[in-house]
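User: Hi! I would like to understand how the labels for this model are reached. Could you walk me through them?

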Amino acid sequence: MRAKSYMSFYKEAPSHDDVLLSFAKLDFNMLQKWYRKEVGINTKWWRESDFATKVPYARDRVVEVFTWPYAMNSEPKYSTARLMTTKVTACLSLLDDTYDIYGTVEELELLTEAIQRWDISYIASLPECFKVVFNAILEIWDEMESLTAENGDSSYVLQHLKQIFSKLARAYLVEEKWCHEGHIPTYDEYKVNGVQTSAFPVMLSVFIASVKEFATKEILDWFSNIPVILEATSLICRIINDLASHKFEQQREHVASAVECCMKQYGLSQEEAYEFINKDINYYWKNINEEYLKLIKDMPEPLLDLFVNLARISEFMYANFEDRYTNCQLLKDHILALLLDPIVV
């Protein structure tokens with residue numbers, strides 16, 4: 001999303017090459033049309049599904065959601081993976097808001113059970129919005145099954161995706177119960193659950209499953225065991241998100257964030273907790289870099305880049321204690337630059 005800035009810097013360099021710069025601008029404009037087409041496909045799906053009406057309490061962020069899979073890998077050959085990851089992430093937003101601001105504990109226990117068994121009968125008595133969210137997820141699994149059937153063992157891949165998603169639902173329920181009971185877990189307990197509630201294991205699983213050379217049994221088994229690089233990437237997102245949003249969220253009934261949990265466990269002030277958590281973020285970046293260098297010998301570089309890039313986009317999305325995803329006006333100029341404003345050649 002900063003390509004335009006880099007081109008401006010390059011243009012000011014005395015040694016810049018005008019021909020090379022012109023090709024870079026043309027390339028940017030071609031890719032911009034490509035990304036706009038991807039966003040259009042998922043926007044059409046979102047509108048036709050009528051989520052804004054059927055799930056009125058949820059955030060309507062289908063365009064903003066695209067920034068996450070775009071950041072994971074922007075190469076044209078990963079277009080299908082971006083499309084599927086965008087769609088899943090949009091559904092994750094619906095699910096997150098259902099757990100966070102809509103459902104009661106009793107309702108969410110039934111929803112969680114339905115997701116564990118992938119059986120809609122468990123939520124037959126619940127309001128229609130629960131069924132809309134559940135069916136949207138099932139439809140995505142059908143799409144993933146068709147896609148992965150072309151790539152190899154669809155049954156194994158789908159089983160992996162469902163298991164990862166089930167873990168997320170259980171983690172959301174844990175948070176809701178903490179909130180309902182007024183329980184503040186320890187910072188360590190919060191982070192164990194937070195690996196899942198970051199939603200990164202699901203997002204990464206879908207991207208990986210959508211790419212034939214990534215979706216091998218060996219890679220999926222490695223991923224299922226929550227390797228260090230996945231844990232570190234997920235926790236960077238979870239705790240930096242909390243730094244940006246905890247003040248707003250504590251104004252309403254909401255689960256304790258990483259900030260409150262850290263303050264409780266270590267007896268810290270809010271400012272001291274901020275400092276502690278920022279040190280943790282640096283520690284997890286160190287883990288990502290170390291693991292990347294170890295794993296690059298045996299795994300595809302584009303696969304490992306997914307983890308690094310998700311951590312990077314998290315730092316951008318929640319920089320300066322601002323939640324650019326929820327407060328989408330803060331993301332508007334970046335979206336315009338990426339999708340709508342071409343570069344004059």
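Analyst: Happy to! Of the contacts in the protein with a separation of 6 or more, 72% join residues 24 or more positions apart, where contact means heavy atoms within 4.5 Å. This is a predicted model, so local features need pLDDT of at least 70 and side-chain atom pairs count only at pLDDT 80 or more, while totals for chains, interfaces and linings use all residues. Residues are numbered from 1 along each chain as its sequence is written, and side-chain values use heavy atoms, with hydrogens and water left out.

User: Why is Ser245 called buried?

Analyst: Buried means under 20% relative accessible area, exposed over 50%, and partly exposed in between (1.4 Å probe, protein chains only). Ser245 has 4%, so Ser245 is buried.

User: And what makes Tyr325 count as buried?

Analyst: Its relative accessibility is 8%, so the label applies to Tyr325 too. Leaving aside neighbours within four places in sequence, Tyr325 is in contact with residues including Arg61, Trp68 and Met317. The C-alpha atoms of Tyr325 and Arg61 are 7.8 Å apart, although 264 residues separate them along the chain.
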